[in-house]
Amino acid sequence: VRRTDAPLTREMLYLLYPRPYLQEVKNASTAFGVNEYVLFGLIRTESYFDKTIASRVGATGLAQLMDDTAKDIAKKLKITEYDLKDAQTNVNFGAYYLNNLTERLNNSIIMALFAYNGGITRVRRWQRASENLPIDLFLETIPFNETRDYGRKVLSATSLYGYLYYNKTVRQV
């Protein structure tokens, strides 16, 4: 992929952007109304499909959920026992959470993705300070390097998943 003397082929892109846990993503997508390509972009960015991974701050699993967030989601979904290292549970919780953030942020999936990483309160504050900038410029004004870089990564991964597997243009994604 890093060779400059050869073109990046579609076959290479399939290797770079795989779809493990396809059935789990399909199930969560249907149950919680989040596009599959968005979930794949999020999961690839969050965990690179390692269902047992835990971040340095305590986020767990494919969709990298914090314990308090997972407890809140479980309560809302009326689930008393769960395991965040279980792929279906983690993807379901991540899809539910992303859908909830999207609804709370005026149905903006992009803002919801930023909030997934940086928190909804911060995103709302950044929106107020941005004076209604277009989304691509808004991304560049996010004051947290981690969230700004996360936004770039998840949006590009989502776009590639949409293109490779769902026949979507970047604009459609």
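A: Buried residues, meaning those under 20% relative accessible area with a 1.4 Å probe and protein chains only, make up 42% of the 173 residues in the protein chain. The model is predicted, so that local features need pLDDT of at least 70 and side-chain atom pairs count only at pLDDT 80 or more, while totals for chains, interfaces and linings use all residues. Residues are numbered from 1 along each chain as its sequence is written, and side-chain values use heavy atoms, with hydrogens and water left out.

The secondary structure comprises 9 helices and 0 strands, where helices (H or I, at least four residues) and strands (E, at least two) are DSSP runs numbered from the N terminus. The radius of gyration, taken over C-alpha atoms, is 16 Å, close to the 16 Å that the globule rule (2.2 Å times the number of residues to the power 0.38) gives for 173 residues, so the protein chain is as compact as a globular protein of that length. Its C-alpha atoms fill a box of roughly 55 × 40 × 30 Å along the principal axes.

The pockets follow. A pocket is an open set of points on a 1 Å grid over the protein atoms alone, where a 1.4 Å probe fits, with protein on both sides within 12 Å along at least five of seven lines; lining residues have an atom within 4 Å of a point. Points are joined across faces, edges and corners, and a volume is the space filled by probe spheres set on them.

The largest pocket holds about 720 Å³ of space. Its lining consists of 26 residues, with Glu46, Val57, Tyr116, Asn117 and Glu146 nearest its centre. At least two lining residues come from each of α3 (36-47), α4 (67-76), α6 (109-118) and α9 (145-166), and α9 gives the most, with 5 residues. By class, this lining has 11 nonpolar, 8 polar and 7 charged residues; Ala, Val, Leu, Ile, Met, Phe, Trp, Tyr, Cys and Pro count as nonpolar, Asp, Glu, Lys and Arg as charged, and the others, Gly among them, as polar.

The second largest pocket contains about 210 Å³ of space. Val38, Ile109, Ile110, Leu113, Leu155, Thr158, Ser159, Val170 and Val173 line this pocket, and α6 and α9 each supply at least two residues of its lining. Here the classes are 7 nonpolar, 2 polar and no charged residues.

Terms used
Buried < 20%, exposed > 50% of the residue type's maximum accessible area, 1.4 Å probe, protein only.
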